[in-house]
Amino acid sequence: MVELETPQIDAVFHALGDATRRRMLRDLAGGERTVSQLAEPFAMSLAAASKHIKALENAGLIRREVRGRTHLCRLEPGPLASAHQWLGFYERFWTNRLDVLERLLHEEDARKAQDDSRKSPTSKERDDQ
């Protein structure tokens, strides 16, 4: 099993557990942004945006750099890779369940097709009528 430091992975999943922070990360995937730019889509105050940014920083997901009076943020992908690796261990469980679901749906489709072919008259039966 993948072993990661518990506090770090907890902080990453805590940060990812909020839709606002996930959107901020997605925006940062396109390049660095100011705090104002990150706050803009949410119509939130800079203080509120800073709290979200702090949670992302604490998780190591972003890095903030101060240039004069401007705070620039950029994505730090390392912790996301760690979270992906941790989730990858469990992928086999949901992949197996999805494979079973796919098989069941194919079987159901086949049964329906078979039932439909029994119910509809054949072309010969239609010609005889």
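Residues are taken as exposed when their relative accessible area is over 50%, and as buried when it is under 20%. The model described here is predicted. On the face of helix H1 turned away from its buried side, the exposed residues are Pro7 and His14. The buried residues of H1, which spans residues 6-16, are Ile9, Val12 and Ala15. Viewed down the axis of H1, these buried residues fall within an arc of 125°, so they line one face of the helix. Their packing partners are helix H2 (19-28), helix H4 (46-58) and helix H5 (78-119).

The largest nonpolar core has 17 residues. Those touching the most other members are Met24, Leu38, Ile53, Leu56, Leu61, Ile62 and Cys73. Two or more residues of this core come from each of H1, H2, helix H3 (35-39) and H4. In soluble globular proteins, nonpolar side chains tend to be buried together. The contacts of Cys73 were also listed with residues up to four places away in sequence left out. On that basis Cys73 touches Leu28, Val35, Leu38, Ile53 and Ile62, and also Glu32, Arg33, Arg63 and Arg64.

Three strands make up an open sheet in the order E1-E3-E2, with antiparallel pairing. Strand E1 (33-34) and strand E2 (62-67) are the edge strands, each pairing on one side only. Between E1 and strand E3, residues 70-75, the antiparallel pairing rests on two bridges. Here Thr34 has Leu72 of E3 as its bridge partner, while Arg33 stands opposite Cys73 in E3. The antiparallel pairing of E2 with E3 extends over six bridges. Leu72 of E3 also stands opposite Glu65. E2 and E3 form a hairpin in which two residues lie between the strands. Gly68, in the turn of this hairpin, has a positive phi of about 65°.

H2 lies across E1, E2 and E3, and runs at about 85° to E3. H4 packs on the sheet through contacts with E2 and E3, and its direction makes about 125° with that of E2.

Aromatic rings were counted as paired when their centres lie within 6.5 Å. By this rule there are four aromatic pairs. In one of them, Trp86 and Tyr90 are tilted, at 5.0 Å centre to centre and with 50° between the planes. Trp86 and Tyr90 are four residues apart in helix H5, which means that about one helical turn separates them. The relative accessible area of Trp86 is 26%, so Trp86 is partly exposed. Tyr90 likewise counts as partly exposed, at 26% relative accessibility. Tyr90 also pairs with Phe89: the ring centres are 4.8 Å apart and the planes are at 85°, so this pair is edge-to-face. Phe89 has a relative accessible area of 25% and is therefore partly exposed. Ring pairs link Phe13, Trp86, Phe89, Tyr90 and Phe93 into a cluster.

How values were computed: Residues numbered from 1 in each chain as written. Predicted model: local features only at pLDDT ≥ 70, side-chain atom pairs only at ≥ 80, totals over all residues. Heavy atoms only, no water. Buried < 20%, exposed > 50% of the residue type's maximum accessible area, 1.4 Å probe, protein only. Arc of directions from axis to C-beta. Contact = heavy atoms within 4.5 Å. Core = buried A, V, L, I, M, F, W, Y, C linked by side-chain atoms within 4.5 Å. Pairing = 2+ DSSP bridges. Axes fitted to C-alpha atoms, helices over the stretch in contact; angles between N-to-C directions. Phe/Tyr/Trp six-rings, centres within 6.5 Å; stacked < 30°, edge-to-face > 60°.
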